[in-house]
Amino acid sequence: MKSYKLAILAGDGIGPEITREAVKVLKLIEQRNDIRFELLDAPFGGHAYFEHGHSFPEQTKAICDAADAIIKGPIGLSYEESQKIPVDEQPERGALLPLRARYQTYANFRPVSLPKSLAHFSPLKPEIVGDGIDIVIVRELVGGLYFGHKEVGVNQQGRRYVRETLEYDEEQISRILHVAFKLAQRRKKVLHNIHKSNVLKSSVLWNEVLAEVAQDYPDVKVVQMLVDAAATHLCLNPRQFDVMVMENMFGDILSDQAGGILGSLGLMPSACLGPDKAYYEPSHGSAPDIAGQNIANPYSMIGSVAMMLENSFGMFEEARNVWDAMQGVFADGYSTPDLSKPGAGVKMISTDAFGDRVVEKLKAMPRVAG
Ligand code: NAD
Ligand code: IPM
Ligand code: MN
């Protein structure tokens, strides 16, 4: 029997609520397959700072180092709570970015998927959504403005100033582009390259490297698009996109917009892959506005588990079953409140009821051998 260690970083806000549902699904996957998951819970985020003095404690680093994969809930506090923590220990700067840097998880896959049966959840008009939306945003995750040199100080005029630099070298650019081209090759062979080369030198270099990398993928058509225009195209004609690739900050912003065109960030899972380690997290945050109410949508977290099955353990059929189980719950007319618009005839259910229904659906599906 195969056995894997999984670090479970439940995180802040809705993190523990949605992680609990993901763990329910993991337990069922163990029962249905010849596999064991050793679940290693570890503190990470704002609560870790208050309880252990650091938002990414040493013990958590050791658990992550030893794990075969990491499941991570969202971290972060409300603005007011964040102010109680020194700036560099706040969970985003003190835990999340160091996690990404530690394992160089440069390839962030953010699927933007609304199958036909869920198309009605989109706030876009039915004629725009058509048979559904199926995009993958490939976001570079360990470079750019997030990780460039930063300084704050007082300038010669006596004014407080800040300097943050957007840095990429050609190797960082080419490795993420190879990932995106390979994905495009397996899908519709169209790659939208999102950039701002009319202003940013970083985009000029990015596009030079792209022209070189593209030679290896002659079967993939590249479509060049400026990031501001891409924001509009995502609203007006999202179905033109299949794979989109972009640098870190653009990917942060456009992926949240993509969650908006689906109808909720709760439909946005993700996979963050590095050379030796991968971690899986929803694209969204800790949603302090709805935390503790058992109303968050766990699809993003359970979907992140499905992405782990695919990417870390090669369990493609079982991952497909998990997606189908979740979509089946929606198809039965149920959803968490983020997607239940008044009068739309959707039966509103809680976070844990959604997880229970996913488990029931999955139980009813044929077991996968091996
Ligand atoms: P958010 O993504 O937490 O929430 C934005 C909106 O989406 C809120 O109205 C929220 O209720 C809703 N939402 C998000 N996930 C949902 C879900 N699963 N089900 C239903 N509704 C959902 O963004 P924010 O409020 O700007 O940020 C809150 C905190 O999260 C901040 O501290 C931020 O830094 C952090 N954050 C962390 C991550 C991460 O851990 N990867 C990602 C984004 C934001
Ligand atoms: C995300 C988040 C993070 C980011 C924050 C919390 C640092 O918004 O994963 O999209 O900006 O990358
Ligand atoms: Mn974000």
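Where does Leu-265 lie? In this predicted model, Leu-265 sits in the loop between helix 10 (248-262) and strand 11 (271-273); helices (H or I, at least four residues) and strands (E, at least two) are DSSP runs, numbered from the N terminus. Leu-265 counts as partly exposed because its relative accessibility is 29%, where buried means under 20% relative accessible area, exposed over 50%, and partly exposed in between (1.4 Å probe, protein chains only). Leu-265 and Ala-278 are separated by 13 residues in sequence and by 22 Å in space, C-alpha to C-alpha.

A word on conventions comes next. Residues are numbered from 1 along each chain as its sequence is written, while chains are lettered from A and ligands numbered from 1 in the order in which they are written. As this is a predicted model, local features need pLDDT of at least 70 and side-chain atom pairs count only at pLDDT 80 or more, whereas totals for chains, interfaces and linings use all residues; side-chain values use heavy atoms, with hydrogens and water left out.

The ligand surroundings may be a welcome place to start. Ligand 1 is surrounded by 22 residues, of which the closest are Glu-92, Gly-285, Ala-287, Asp-289 and Asn-297; a residue is counted here if one of its heavy atoms lies within 4 Å of the molecule. Polar contacts are pairs of N or O atoms within 3.5 Å; within protein, one must be able to donate a hydrogen and the other to accept it, and residues adjacent in sequence count only if both atoms are side-chain atoms. A backbone N or O atom of Gly-285 is found 2.8 Å from an oxygen atom of ligand 1, and a polar backbone atom of Leu-77 is 3.2 Å from an oxygen atom of this ligand. The side chain of Glu-281 places an N or O atom 3.1 Å from a nitrogen atom of ligand 1.

Around ligand 2 are Glu-92, Leu-96, Arg-100, Arg-110, Arg-139, Tyr-146, Asp-252 and Ser-283. Arg-100 has a polar side-chain atom 2.7 Å from an oxygen atom of ligand 2, and for Arg-139 the corresponding distance is 2.8 Å. An N or O atom in the side chain of Arg-110 is 2.9 Å from an oxygen atom of ligand 2.

On a 1 Å grid over the protein atoms alone, a pocket is an open set of points with protein on both sides within 12 Å along at least five of seven lines, a cavity is a set of points where a 1.4 Å probe fits but cannot get out, and lining residues have an atom within 4 Å of a point. Grid points are joined across faces, edges and corners, and a volume is the space filled by probe spheres set on the points. The largest pocket is lined by 29 residues, and those closest to its centre are Val-136, Leu-183, Arg-187, Met-307 and Glu-310. Strand 4 (107-114), strand 5 (133-140), helix 7 (170-186), helix 11 (299-311) and helix 12 (316-331) each give two or more residues to this lining. Its make-up is 18 nonpolar, 5 polar and 6 charged residues, with Ala, Val, Leu, Ile, Met, Phe, Trp, Tyr, Cys and Pro counted as nonpolar, Asp, Glu, Lys and Arg as charged, and the others, Gly among them, as polar.

The whole structure contains 1 cavity of 30 Å³ or more, and the volume of the largest cavity is about 60 Å³. Among the residues lining the largest cavity are Tyr-168, His-195, Trp-206 and Glu-247. Helix 8 contributes the largest share of this lining, 3 residues. By class, the cavity lining comprises 5 nonpolar, 3 polar and 1 charged residues.

The search also finds 19 salt bridges in the whole structure, each a side-chain nitrogen of Lys or Arg within 4 Å of a carboxyl oxygen of Asp or Glu. Asp-228 and Lys-196 form one, with their closest N and O atoms 3.3 Å apart. Asp-228 belongs to helix 9 (residues 227-236) and Lys-196 to the loop between strand 8 (190-195) and helix 8 (201-214), so the pair ties together parts 32 residues apart in sequence. In another salt bridge, Lys-150 and Glu-164 have their closest N and O atoms 3.1 Å apart. This pair links strand 6 (residues 150-154), which holds Lys-150, with strand 7 (residues 160-164), which holds Glu-164. Finally, a network of salt bridges links Glu-21, Lys-24 and Asp-356.
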